[in-house]
Amino acid sequence: MRLRGVLALFTALTMMPQFAAADQAAVVDYLNALTSFSANFEQERLDEDGERLELSNGDCQIKRPGRFRWNYVAPYEQLIVSDGKQLSIYDADLAQVTQNNIGEFPAGSPAALLGEDTDVATNYDMQALADRGDGQQWYALRPK
């Protein structure tokens, strides 16, 4: 599954204080200091040509390091919970829970950005995006 951008940063950015486009250092400082947040999300799953295969939505709560609750509402109900040591996935349709131990997240991955204490400037290239007309400054983060 390929996720568009850095998976949950989309909503974290809408909650960020306003930063000037040239003030990327302030954004890096803000993200490095961020210890928790909650948000509603929308996620696209794309094929290798960039065509949308699926659109999902739900809500999430994240607390660094390693703790999160990711609740998919549509198109299928699924709950993913981590206590930092174990990952539990509940599939509502199957009424089944799968549990796995968590290892280290690769540096520069969306999971590392969201779940670990990671230095944004060291692990990601940041670029200010064009104005979307929503009053927010959006940034793209790409793993180095």
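**Group meeting: a walk through the predicted model**

Let me start with Trp-138, which sits in the loop between strand 8 and strand 9, where helices (H or I, at least four residues) and strands (E, at least two) are DSSP runs numbered from the N terminus. Trp-138 counts as buried because its relative accessibility is 11%, and buried here means under 20% relative accessible area, with exposed over 50% and partly exposed in between, using a 1.4 Å probe and protein chains only. The C-alpha atoms of Trp-138 and Gln-127 are 8.7 Å apart, although eleven residues separate the two along the chain.

Before going on, please keep in mind that this is a predicted model, in which local features need pLDDT of at least 70, side-chain atom pairs count only at pLDDT 80 or more, and totals for chains, interfaces and linings use all residues. Residues are numbered from 1 along each chain as its sequence is written, and side-chain values use heavy atoms, with hydrogens and water left out.

As for confidence, pLDDT is the predictor's own confidence in each residue, from 0 to 100, and its mean over the protein chain is 77, with 75% of the residues reaching 70 or more. Among the elements, strand 1 (residues 2-3) has the lowest mean, 36, while strand 7 (residues 96-101) has the highest, 92.

Turning to the overall layout, the protein chain has four helices and nine strands, which follow one another in the pattern β-α-α-β-β-β-β-β-β-α-α-β-β. Of its 144 residues, 35% count as buried.

Which residues touch the most other members of the largest nonpolar core? In this core of 18 residues they are Leu-31, Phe-37, Cys-60, Trp-70, Val-120, Met-126 and Leu-141, a nonpolar core being a set of buried Ala, Val, Leu, Ile, Met, Phe, Trp, Tyr and Cys residues joined through side-chain atoms within 4.5 Å. Among the elements that each supply at least two residues of this core are helix 2 (24-33), strand 2 (36-46) and strand 9 (139-143).

Finally, the structure holds two aromatic pairs, meaning rings of Phe, Tyr and Trp (its six-membered ring) with centres within 6.5 Å, called stacked when the planes are under 30 degrees apart, edge-to-face when over 60, and tilted for the rest. One of them, Phe-41 with Tyr-72, is edge-to-face, at 5.3 Å centre to centre and 85 degrees between the planes. Phe-41 lies in strand 2 and Tyr-72 in strand 4, so this pair ties together parts that are 31 residues apart in sequence. Both Phe-41 and Tyr-72 are buried, and together with Trp-70 they form one aromatic cluster.
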